[in-house]
Amino acid sequence: MKRFVALLLVSLALVQLAGAQPYVTVFEDRLSPGQALEVGNYTVTLVQSVNGSPYLILKSGDRVLELKPFVFGSTMESDGVRIVMGSYTSQGGFLIVSVRARFVTSLKPEVGARVSFNGTTVEVIAIGNDTVSVSVNGITKSLVVNGSAVVGTVALEYDGKAIRVYKVPRIARVETAEYSVFYPYRDVRVSGAFDVPVTVTSLTEKELTLKLEVLTLPPGWKASFLYGGVEVSEITLPPRGTISLTLHVEPSGSGTIEFSVGNVVGSIHVESEGVEVSIPYLSLEAEAGSVLKIPVSFLGSGLVEFSPGNLSPGWEVYLISEGYRLRSFKVKGSFPASLVVAIPRNATLGDHRVSFLINGKTYGIDVYVYKTYLGQPARLTVILTDESGNPVRGWVAVGDKNITVSPSGSAVFELKPGEYTVRAGCEGCSQAVERVKLSDGEEKTLKIELQRAEYYFKAELSQEIVTARPGVSASTQITITNLGSKADEYRITVEGLPEGWSYFISQDPRGASPLGSVKVESGGSATVYLIITPPFNVESGDVDVKVIVSGRSLERTLPLRIHVENPASLTLNVDTPLLTVRAGGTTATNLWVDSDGTVTNVKFSVQAPNGWDVEVIPQTIPRVGAEMQGNVIVSRGPVKAEVRIRVPKSTPAGTYTVTITAAGDQAKAQTVITVRVTQGSSGAWIGITLLLVAFGIVVWLMRRVGRR
């Protein structure tokens, strides 16, 4: 029954693994209460509560990630660790632990197939019908089809077609309650053999016997446990006692060693410094601008890190081997390379120190520069060719200089030292861009191959200024020449036209054959006409627009000025230019508005004596003159308005003038109406009465004065 349950759980784990790669099973066994399983930086512990119920704890350091009762079929998953719980007996709980592993590579099931990484070597050593034998740093594991195995920090899976190799965390069962193991460091940098002190302390009152093993060791390394100078593979730990051991390691390069003291597994990463550097030359003489190659040899075993030191501006130093520039590489035995020193052309005369670092140590050589080009101008020759290598007559631009090349296709520039962008092209060719760096006194020839563009064209207007009148179309001719290697279709648009304007493209200047686009074969040309129509209410003046000719991948912008001439004029006539009205009365007359041409938005304003009420009805006339109906210009004649005048009662009799102004968008006009104001009969009688009263007063005064 137990076997069946275990097989069931393994099958369940494998099904989960197949559907959730890259989880890899690293532990399948029972864990007793009080025991802990170390999975890399995580700890799986089986504990019992006060009443004896089992619980499973997953921790990362001192942080508890999950705590669950131990129940058959339950799972725990956190931070890339997955645990499936099986049956629980008096011997403990059955666990299947899987981790999210880092995939390294796949090996073919062939004898001799191997891979090395991080000081670990995996090699196929035997092939059976349904099995394969694999060596991991000398430890042999046999895999069946769809089986897996874990050796140290390496997990293997075999599906019958390939052996997948994974890097997994270190797995160790720890008897946490019986003893502790301490060693002071995890990473060391050495240049030879070294010793690691290991202290084992008993935490119980009983005597413990512990095995000492080296689990993984890179090829060529040696390692053993020493106690009192004697190599040991097992120790007996007295109750509550402590034993100090020495792990002696003889590395032959960089890598990682893993060892175990009882059930406690430890690891140490070793960085080897056992490489000697041999440089045969100490001082050299050279000309500025030259490149020196100095042989360098590396002897020993280990990793080499190379980096340039503090160099003067323009100087360069690097390592090469087999055509590759090296920054980091491994040495085992002898490794030859070349140290390359590039001297700038503007280097000053005299001694220069070229320094560089190898594994953090500073090395250097002295270079004496006996000739320099400092301050001398550079000479750049640019040669233009086509795809067949024939000279091309085009142009070359460098910085602010633009030169048309000679008939031989070349252009010469004298430039200050520096980096430049070189642009070149020709009519009907794709523009080419190159970057060039010129040193002091350098003479350099740059060949640029120009290719005829697939889509390239020229566009020209027959006239850049056209004259238009309100509502009357104006046209200009557009010639398109296809200089590309393929046929292209062109569209023409106009940008910048004011509101109310319209345009279209036609095959003829009268606009009888409108076009949406025009197709031109390679090497051919076409002529079309741009028809532009301004609105009737357009004012005189100039309108600047852009004519855009667009091909498949290129467009041209052609400026066009439209000169508008609007000769429109406005006239005002009244039926009765002389009106007579009594003070306090009202009078009116008709006003006729006419125009030569079209005038829009005609509005009226008046000037009249103070206190007079003068009104023009209507106040605004939208349009006077001709208008377009379809393709026909229709003139409706003058437009009538009415002028109403109200004279205040207090206005003395006399002759007055009223000025009426009509102003439209295109023109304005004025007219004057004369108004004669008279008084009523009651006013005359009042005047006579006043005269009689005044005469009576005079007579009375004369009589009084005469008596005296």
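Select G611 to begin: G611 is found in the loop between strand 55 (599-607) and strand 56 (613-617), where strands (E, at least two residues) and helices (H or I, at least four residues) are DSSP runs numbered from the N terminus. This is a predicted model, in which local features need pLDDT of at least 70 and side-chain atom pairs count only at pLDDT 80 or more, while totals for chains, interfaces and linings use all residues. Residues are numbered from 1 along each chain as its sequence is written, and side-chain values use heavy atoms, with hydrogens and water left out.

Is G611 buried or exposed? G611 is exposed, because its relative accessible area is 52%; the classes are buried at under 20%, exposed at over 50% and partly exposed in between, computed with a 1.4 Å probe on protein chains only.

Now extend the selection to strand 14 (residues 147-151), which runs antiparallel to strand 15 and is joined to it by 5 bridges; two strands count as paired if DSSP finds at least two bridges between them. V151 has V154 of strand 15 as its bridge partner, and the hairpin of these strands has 2 residues between them, with G152 taking a positive phi near 60°.

On going to strand 16 (residues 163-167), you will find that 5 bridges join it to strand 15, again in the antiparallel sense. Y158 is bridged to I163 in strand 16, and in this hairpin, with 4 residues between the strands, G160 takes a positive phi near 95°.

Strand 47 pairs with strand 46 (residues 502-506) over 2 bridges, and P514 in strand 47 is the bridge partner of S506.

## Two side-chain pairs

Which residues form a disulfide? Select C426 and C429, whose sulfur atoms lie 2.1 Å apart, inside the limit for a disulfide, which is a pair of cysteine sulfur atoms within 2.5 Å. By this rule the count comes to 1 disulfide, and both C426 and C429 are buried.

Then move to T25 in strand 1 (residues 23-31), which is buried because its relative accessible area is 9%. The side chains of T25 and S98 are joined by a polar contact of 3.2 Å; such a contact is a pair of N or O atoms within 3.5 Å, and within protein one must be able to donate a hydrogen and the other to accept it, while residues adjacent in sequence count only if both atoms are side-chain atoms.

## Ending on helix 2

Finally, select L701 in helix 2 (residues 681-707). L701 counts as partly exposed because its relative accessibility is 43%.
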